[in-house]
Each structure stands twice: as structure tokens, then as C-alpha cells.
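Work through the exercises below with the sequence and the model open. Each task is followed by a solution in steps.

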There are 2 protein chains.
Amino acid sequence: MKLSILFGGASFEHEISIVSAITLKEKLQGFDLNFIFCDSDHTFYLIDASAMKATTFSKGNHKKMPLLTLSNGGFVQKSMFSSVEHKNVVLNLIHGADGEDGTIAALLDFYNIKYIGPRTDASVFSYDKRYTKYFCEARGIKTLKYETQHTNEHKNLSLEYPIIVKPASLGSSIGVSIVKEESELDYALDTAFEYDSNVLIEPFMEGVKEYNLAGFYADGAFHFSIVEEPQKEEFLDFEKKYMDFSRVEQVLKADISDELRVKLEATFEKVYTGMFEGALIRCDFFVINNHVYLNEINPIPGSMANYLFQDFKSSIELLSLSLPIKQKPKVTYDYIHSISSAKGK
Amino acid sequence: MKLSILFGGASFEHEISIVSAITLKEKLQGFDLNFIFCDSDHTFYLIDASAMKATTFSKGNHKKMPLLTLSNGGFVQKSMFSSVEHKNVVLNLIHGADGEDGTIAALLDFYNIKYIGPRTDASVFSYDKRYTKYFCEARGIKTLKYETQHTNEHKNLSLEYPIIVKPASLGSSIGVSIVKEESELDYALDTAFEYDSNVLIEPFMEGVKEYNLAGFYADGAFHFSIVEEPQKEEFLDFEKKYMDFSRVEQVLKADISDELRVKLEATFEKVYTGMFEGALIRCDFFVINNHVYLNEINPIPGSMANYLFQDFKSSIELLSLSLPIKQKPKVTYDYIHSISSAKGK
């Protein structure tokens, strides 16, 4: 099948997106792939598959490749005498800002381009961790209690240590700190405020079970990955996460009961339904006293969580055939016509 | 001052947006105005001020005017041998879909264009009335209790009649019905489902006081309009609302105590702060037993609620000088460089 991988973006996760795209090139062998790079200045380039390596971008060689612009129905490559339209389904693989904050979704919807990825609403609710809390609260999905802090505020915390301090709207563990006592708090806040003017603070749960589950809705049913119990470290720092985005090896199923698997899948459905249609997402859960808590929604997981799917290529193909299309209301001028004829014009 | 009025859009409120734009042409006399029309197929046209009348659009005469495309920093008008850039601040006056759902905000942010209007997050939270409920709940802002219904659901309602049935994501009273008894419910739901697959149902409060207040944050302070007590009818239907969008006459202040005015302004600030910066919004409130309830947020009110401001032109000018700019993270290739040099490449 034909697919355009859109990656890059003006984001702290720009490099990670490049790694993800290179990984998908390998995992989707046999597909007719196009690579569309969004540079940090928001210029689009068509990248030849043979040039899909990290140094192409770090050395700036992508700037010699054909420019693309957005146009109704697809990306257009213009030359002196002709223009070529690229109308493939797009896989939005821009992690972080642009890709996960709703911008790219809005652009692709506006230009009538079909895409795999979260829509604008879903992006807004998953990108900012405060809004994920609002959403879960409204839908009756359990999450850890939390507090927020704005860069201009100096509130006293009511949570007990240890706590985890996160920029409200970044993924990939960037700017995240575990704070074991009050003396470490200011440094952790400063670190998080480098990335976002809003910070989310939660209890840091030691020794809690964590499970990741990816999936999507297509062709009238949910399609789930295996459940993974991620390797335990305090948390993945940027470097480890970066390596994580190039994962291709299928992982082992977590050793959990059917009952727990069903519970995790049911919580996933509660998160996904009526919000994430069109996207393959990964939900990261905590299990505490047999209750499932949502930790994080990754609406564009690193390398699309390919390593969790038994048949990743078929999954992408299936999803690409079930993409929602933004309804465009039919515009009429009935009202203006009726006013004008009443006026005799 | 220079300003581009962006109007139209693929929306049920397309005609209303045209009326709003024509009204602003009159209200902003003396400004150096540009008019940018977004057609229902998402083509942009530069409309000459002299052609700013409703029949230009209903007769399709706008299609003879210069095409514009989005480009980094502004709208570009291309001709055979040259291209002209329009880099004014944009006033987003597209009501309903496109304009108020976050799409136009994302486009303007992506292309680095300064604009008056709600950002993407703020649009998502105000466009879908369910999400407004989530938001108010999280911020401790009182709203009426509610239920939702999806087109595929057949839930029994627990609210008592009379109730008001609204499409989740439309403004201007389109598809809204007051339902006095159960026998009228199915028809009201069908009507609302014509416009949205999700419906919001609230108690219909007879004889409750309603107040509208518009305002914005600029130059370090809030700037409020007068408080209006809207004319009482059951509710404004589309036709009355349409006329409402062409209002230019300054209205009279509602006869309320200073104490109530302060309460309304305080609730407005609670809604606005950290979410609606860059926009001039109108909040519609109910007052019940001396408590302020938010009914609706209009992030792009009809004709910008000009009739509520004592000096509308200065308000727009002041706001245009205080617009937030989406921070673009600096992209580096530090990680790729360090990996490459470790590999000796």
C-alpha cells in the first residue's frame, strides 16, 4: 500500500521523530512509502528513501531535496514546468509540538488529506497532561491525583514526597524529575519550566505495576497489541527514550491474568471511543490494588509501538482503510437569497 | 492600523460570518482593512472593500477576485510575474466550524501569522459544549447540570422537563430546541443530530436572569465591555441571531449592582486566564440565587460584540498589540551529532 510518513516538526522531539521515521522505513518494508520532512521552520521536503538516515537532517542535506506545499487533497511538488501531487494517506509521525498538539491534524483536515493520527480535539486532550486529567475526570477514568503550578505561581504543595514533576505538555520524559524531598523541588520546577510554563505534579509511586497497551479502532472493532510490562527504571531519560524510539524487536507479553488484560482493554476503549478514532495510540497504565489508572496517552507513540504488534504492517493497512473524514457542512446562501429577494435586489 | 478580516469558512455559520464581516467594515472605519474570504472549499480570496456585500458571495462573484495562499508569515497573492505578501494581523471572524473549532488557529500559528482569536486549545474547549463542561468542572466554574446523547445511543434521560437540547458543537442556536414534555423529545433530538452526532441536554431555566459580558486581556490587564441583559425571548432562532450578527448600535448597560458586576467579571477572568489570551470573547451567564453560572463561551462573538464596547476601535487596537505568539522550540541535532561522532562517522 501507499503511505506518506510525515516527520520532523518544530518540537523538542524533532530528533526523536527522525529516529521513529527511520525505524518505520525498516518495519514497513514492502509498502510504497514516501517520506515528508517538516523542517523546524515549517518548510516541507520530499525525502528520497535512500536518504533516510539521521545525518541527512543533522547536516542539512534535506534542504537540497524537493520542496512540498500543502494544497487541497495532498502535498504538491512544483517544478518550473509542472507540478506533481502526492495524495497518499499520511501517517503523522511528528512527536511533540506540531504533531501531537493538534496543529498537523488541523492542517491535514483543512486540506482534505486523509491521515493516521489523532484529530485536533484528541490531540489537545492528550498533549497537555492537565487536559488529560480533565478528560479522564469527565469520563470516569481513574488517574493519580495531581497539582499544577504555573511559572508565575508560588503555591505550597499538598502532595507528599516522593513526587514526580513534569512539564504539562511534553512527552519523552523531557524535563521530568522525581523529587524525593522538598530541598530538591525548586531545581525540578526550574527544569520543567524550561519546557513549559505549566507543570503537573503527581505522587511518585514506587513499586507500582506498569503496563503499556497500544491499539486502534478499525472496521467496526478494536484491535489491541499485546500488553507490555515496560522495563523498570526510575523512568526513561531522554537518551534511553531516544533509543526506545528505534525499537523494532517484538517484545514479550506481560505475564498477567486474562482478567487484568480485559480490564486494561476496557479502560483503553473508554479513553479511545469518540475521541481517538483514526489514531493508533498507546496507553500507559498503573495498576494499584487491582484498579487500573491511566498514566499517559501517547497518541503518536514512538515508532508507532510497532514492537507491540504481532502483525504491524497489517495493522497499519487496516487502520488506513478506516479513517474518519471531517464532515464539511454544505454551505448555502439561502438566507442571503431570501433577504435580497425581499429587498427586491 | 492595518488589519485583515478573515471570514467565511466551511461552516453552518458561513452566512453569519459574512454578515459579521460586513458589520465590522462599518464599525472599523478608519482602519486600513483587508478582507480575506475563506470559501467553503477552503480557497482563500482577497475581497476588495467595495465588494463587501452579501450578494458578492451568494452570486459567486468572489471567485473572480485574487486568490491567496498561506505562506510563512502571511497570505500571498501570486500573479504571473510577481507575488504580494499580506502580513497584517488577522482578525479571525469565521464563526462555527473552521474558525471556532481550532482549525484556523492551528493554520495561522503554523504559518507564523499573528491573529486575534482563540488559540487551538481554547477553541476545542469552547466549540464542543461537552468540553466546556469538562473545563468548567476542572476550574471550579459553575454550569448547569447536563447529560449527553450520541446518535447511536438510546439512553433514558434523568433530567426533568422542560429541557433544552443542543448539538454539542454549534453556535448561533442552530439545531437547538426547548422540549417541554417527553413527546417532543425525539423530534428535538433528530433536529440536533442533523448538525452533530453528539447532543447536550440541560434543564431549561425559565425566568432566570441572563447577562452577557465581553472582554479581553491586553497590556497587563483585563478590559471588559458593559454587561448586557439580552432581550428575553425563549431563545434566538437562526433568523433573529442572523440579524443579531449585524448589530452596531451600542446597547444599554444592564441595571445590576456593582457587586454582581464584579462577580460576573471575576467569573469571566476564571474562564479566560491561561486559555483565551489573544481573543476577545463573550461569556453568557445565568444568575440563579445570586450564583453566577456560565452558559456559553463565544470565543468569536457575532460582529465581535462591538455593540457592547464603548470604544470598540481602541479595544481592537489594544488587543492587536498584545497577541501571544506560539513558542517554537529551538531544534538542534545534538543527539544525532553525538551518536554519529561516537560511531566515528
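The model is predicted, so local features need pLDDT of at least 70 and side-chain atom pairs count only at pLDDT 80 or more, while totals for chains, interfaces and linings use all residues. Residues are numbered from 1 along each chain as its sequence is written, and chains are lettered from A and ligands numbered from 1 in the order in which they are written.

**Exercise 1.** Determine how helices α4 and α5 of chain B are oriented to each other.

Step 1. Helices are DSSP runs of H or I of at least four residues, and strands are runs of E of at least two, numbered from the N terminus. In chain B, α4 spans residues 120-127 and α5 spans 129-139.
Step 2. Their axes lie 5 Å apart, at an angle of about 105°. Axes are lines fitted to C-alpha atoms, for helices over the stretch in contact, and angles run from 0 to 180 degrees between N-to-C directions.
Step 3. The two helices are therefore roughly perpendicular, a label for angles of 65 to 115 degrees.
Step 4. B:Val124, B:Phe125 and B:Ser126 of α4(B) meet B:Tyr131, B:Thr132 and B:Phe135 of α5(B); contact means C-beta atoms, placed from the backbone, within 7 Å.

**Exercise 2.** Describe the side of chain A that touches chain B.

Step 1. Here 38 residues of chain A contact 39 of chain B.
Step 2. The largest share of the chain A side, 5 residues, comes from α3(A).

**Exercise 3.** Which residues touch the most other members of the largest nonpolar core?

Step 1. Such a core joins buried Ala, Val, Leu, Ile, Met, Phe, Trp, Tyr and Cys residues through C-beta atoms within 7 Å; buried means 20 or more other C-beta atoms within 10 Å.
Step 2. Of its 141 residues, they are A:Ile5, A:Leu6, A:Leu93, B:Ile5, B:Leu6 and B:Leu93.
Step 3. Among the contacts of A:Leu6 are A:Ile36, A:Val90 and A:Ile104.

Key. A residue is buried if 20 or more other C-beta atoms lie within 10 Å of its own, exposed if 12 or fewer, and partly exposed in between; C-beta atoms are placed from the backbone. Two residues are in contact if their C-beta atoms, placed from the backbone, lie within 7 Å. Angles under 35 degrees count as roughly parallel, over 145 as roughly antiparallel, 65 to 115 as roughly perpendicular and the rest as oblique. Ala, Val, Leu, Ile, Met, Phe, Trp, Tyr, Cys and Pro count as nonpolar, Asp, Glu, Lys and Arg as charged, and the others, Gly among them, as polar. Lists of a residue's contacts leave out its neighbours within four places in sequence.
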